Amino acid sequence: ARVPVSIEYENITPAAAASTPLKLRGVVVPTTGVISTSTPPKKTGTYVASRGGKVFYLPSCKSAKRLSGKNKIWFDTKAEAEKFGYKPAKNCKGI
């Protein structure tokens, strides 16, 4: 299971932290001193991914059907999935 990320800067001013971008799984996130992210707690959506994976699928894709129910996370849009660091699955047609 993915654990939410929390980063706290010590001995750094908020202005300095804001100007230092943080890179999380290929996504550059501007920092403001504390960052907290987690995957959305949805039960259905347009796209599905595994909590421990790096790609997202359409629910109809063969690979998506093999995902464990407890590890599935759902996204409504491609942009939302990409925001959390996922890439479209190359073996899933239609994405």
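Student: How many helices and strands does the protein chain have?
Tutor: The protein chain has three helices and eight strands. Both are DSSP runs, numbered from the N terminus: helices are H or I with at least four residues, strands are E with at least two. This is a predicted model, where local features need pLDDT of at least 70, side-chain atom pairs count only at pLDDT 80 or more, and totals for chains, interfaces and linings use all residues. Residues are numbered from 1 along each chain as its sequence is written, and side-chain values use heavy atoms, with hydrogens and water left out.

Student: What pattern does the chain follow along the sequence?
Tutor: The pattern reads β-α-β-β-β-β-β-α-β-α-β.

Student: OK, what's the mean pLDDT of the chain?
Tutor: The mean is 77, and 60% of the residues reach 70 or more. pLDDT is the predictor's confidence in each residue, from 0 to 100.

Student: Which element has the lowest mean, and which the highest?
Tutor: Strand E4 (residues 34-37) has the lowest mean pLDDT, 43. E6 has the highest, 97. Over residues 28-36 the pLDDT is below 50. That stretch still has 26 contacts in the model beyond near neighbours in sequence. A contact means heavy atoms within 4.5 Å.

Student: New topic. How many disulfides does a search of the whole structure find?
Tutor: One. Cys61 and Cys92 form the disulfide, with their sulfur atoms 1.5 Å apart. The cut-off is a pair of cysteine sulfur atoms within 2.5 Å.

Student: Which parts does the pair tie together?
Tutor: Cys61 lies in the loop between strand E6 (55-57) and H2, and Cys92 in the segment after strand E8 (87-88), so the pair joins parts 31 residues apart in sequence.

Student: And why is the disulfide called right-handed?
Tutor: Because the torsion about the S-S bond of Cys61 and Cys92 is about 65 degrees.

Student: Are those cysteines buried or exposed?
Tutor: Cys61 and Cys92 are both buried. Buried means under 20% relative accessible area, exposed over 50%, partly exposed in between (1.4 Å probe, protein chains only).

Student: Last one: where is Ser63 found?
Tutor: Ser63 is in helix H2 (residues 62-65). Its relative accessibility is 12%, so Ser63 counts as buried.

Student: What does Ser63 touch?
Tutor: Tyr57 and Asn91, not counting residues up to four places away in sequence.
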